[in-house]
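Colleague: I would like to learn how to read strands, sheets and helix packing in a model. Can we go through one together?

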Amino acid sequence: MIDDGFIKKCKDIFGPENVLTDKAELITYSYDATPGIPSEIPGVVVFPQNTKQIQELISLARQTKTPIYPRGAGTCLSGGPVPLSKGVVISFQRMNKIIEIDADNLTATVQPGVIISDLNIAVSKYGLIYPPDPGSMATATVGGSVAENSGGLRGLKYGVTKHYIMGMEVVLPTGEIFRYGGKTVKNVTAYDFTSLFVGSEGTLGIITEIICKLIPAPKYYKSMIAFFDRIEDAGKTVTDIIRAHVIPATLEIMDKVTIQTVENYAKVGLPVDAEALLLIEVDGMGKDSVDWEAEKCLEIIKENNGKAKVAQTAQERDSIWTARRAALPALAQVKPATILEDATVPRTKIVEMLAAISNISKKYNIMIGTFGHAGDGNLHPTLLIDPLNKDELERVNKAIDEIFEIALSFGGTLSGEHGIGVAKLKYLKNEIGKSGIETMRRIKQALDPDNILNPAKLVPVED
């Protein structure tokens, strides 16, 4: 329970300058990038600067049975950090230090509030990269992306966040500090705690330090854009590229709605009559191998009736990726709100999934622009809505239900990179079944017996 006494103790722990209580300020921490989900204005927002303060907050929260909602930059697309009661939002904006860059061991040790793009700028001086690159990497934090197991444009070749976490410091819901992992390349001691805490959405512990794996930055790359008159040809191109054993760093798709919207927004020269486009980049350490992969992609594009343009300059390359990263902001300008979903299917089912989304759009008279990471089957159907239109909102909810139902029927998953949070909680049983739900509840109960860490997120409450 948050009262004047609770707030006073927060000010004692964090310092008055690191505690927010003004309603106008609290409102800004009551939502993330997910529209249309339930939320509450938090009772207080705190900004820790060290692990000890977090331990003290957990002790206070346990005594008063007050829920804690950990928060990165608020770019989450599933409601992960959104408070569902008047609890405490713990924001990591001020725990944002890069503690160490160990270029010899290819690691960086960071606090959770470090911005992903800032980390990449820092390690680039050593010729290294931290590969996970969510669309919001210019504002998203490492801690938030760890909590959500974020992916990004480079996911096909380089994987997602869980592949780049070597260890952590976590404050458990009991207040204990737990450290695991380290800089060793091999470590099979005990359970695989990375798999437990990465993607746990703040429900099992509060992450206070992260050891990130780095890799050498590729020296060569080639980017291209390909246009198709039939979406089936674009889908077959994706399959054929992978079948040819070419694994692009990035292999993105846009449907016609998205192409037209992006061109209207960004004016980057996209042909608005194309049914689909692919954005492709191959990279590597050897020029010959990169050239071969690029030529192979061009050959496959041509075989599938596509027309391609290869970027000849850094400016042209930037233009290609500007088009991709403009997809969401462009679609967001069409209507007052966007619901960006995360249906992921086997890449061989991409064409069928795109066709299904198009049919759903017509069936419910909802404008849907679809783009995403074609190479790994991770599509982002983006529903454009007016949340004040109750009839439209009802049709949108039915459309979302159907999108996930079809994705699962294709052997897909509810989320490739956005997490479950509160937005997809009702669908979870459809994918992992009753036994899966019960297993998650047992883990949550074992680590957080008082249910104070991000309650009613990721793990469904008892029926």
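This is a predicted model: local features need pLDDT of at least 70, side-chain atom pairs count only at pLDDT 80 or more; totals for chains, interfaces and linings use all residues.

Colleague: Which strands do bridges join to β10?

Modeller: Two strands pair if DSSP finds at least two bridges between them. Strand β6 (residues 107-110) is joined to β10 by 4 bridges, and the two run antiparallel. There, Val-110 stands opposite Ile-210. Strand β8 (residues 165-171) is joined to β10 by 6 bridges, again antiparallel. Here Gly-167 faces Ile-211 as its opposite number.

Colleague: In what order do the strands of that open sheet lie?

Modeller: The order is β5-β6-β10-β8-β9, 5 strands with antiparallel pairing. β5 (98-102) and β9 (177-181) stand at the edges with a single partner strand each, so one side of each has no neighbour in the sheet. From one strand to the next, the twist averages 10 degrees. Angles run from 0 to 180 degrees between N-to-C directions, and axes are lines fitted to C-alpha atoms, for helices over the stretch in contact. Met-168 stands opposite Tyr-180 of β9.

Colleague: Which helix packs on the sheet by touching β5, β6 and β10?

Modeller: Contact means heavy atoms within 4.5 Å. By that rule helix α4 (residues 116-124) touches those strands, and its direction makes about 40 degrees with that of β5. Helix α3 (residues 51-64) lies across β8, β9 and β10, at about 50 degrees to β8.

Colleague: Now the other sheet. Which residues of strand β4 are buried on each side?

Modeller: In a regular strand the side chains alternate between the two faces of the sheet. In β4 (residues 88-91), Val-88 and Ile-90 are buried on one side, and Val-89 and Ser-91 are buried on the other. Both faces are covered.

Colleague: What is the order of the open sheet of 4 strands?

Modeller: The order is β1-β2-β4-β3, and the pairing is mixed. β1 (19-20) and β3 are the edge strands, each pairing on one side only. Take the pairs in turn. β1 and β2 run antiparallel, joined by 2 bridges. Val-19 has Val-46 of β2 as its bridge partner. Strand β2 (residues 44-46) pairs with β4 in the parallel sense over 3 bridges. Val-44 is partnered there by Val-88. Strand β3 (residues 68-71) and β4 run parallel, with 4 bridges between them. Pro-70 has Ile-90 of β4 as its bridge partner.

Colleague: Which strands does helix α1 lie across?

Modeller: α1 lies across β1, β2 and β4, at about 10 degrees to β2.

Colleague: At what angle do the axes of α1 and α3 cross?

Modeller: Two packed helices are described by the angle between their axes and the distance between the axes. For α1 (residues 4-14) and α3, the axes come within 10 Å and cross at roughly 165 degrees. That makes α1 roughly antiparallel to α3. The cut-offs are these: under 35 degrees is roughly parallel, over 145 roughly antiparallel, 65 to 115 roughly perpendicular, and the rest oblique. The crossing is right-handed. A crossing is right-handed if the near helix is turned clockwise from the far one by less than a right angle, and left-handed if anticlockwise. α1 brings Phe-6, Lys-9, Cys-10, Ile-13 and Phe-14 to the contact, and α3 brings Gln-53, Glu-56, Leu-57, Leu-60 and Thr-64.

Colleague: Which residues meet where helix α8 contacts helix α13?

Modeller: Ile-231, Glu-232, Gly-235, Lys-236 and Val-238 of α8 meet Ile-350, Val-351 and Leu-354 of α13.

Terms used:
Residues are numbered from 1 along each chain as its sequence is written. Side-chain values use heavy atoms; hydrogens and water are left out. Buried means under 20% relative accessible area, exposed over 50%, partly exposed in between (1.4 Å probe, protein chains only).
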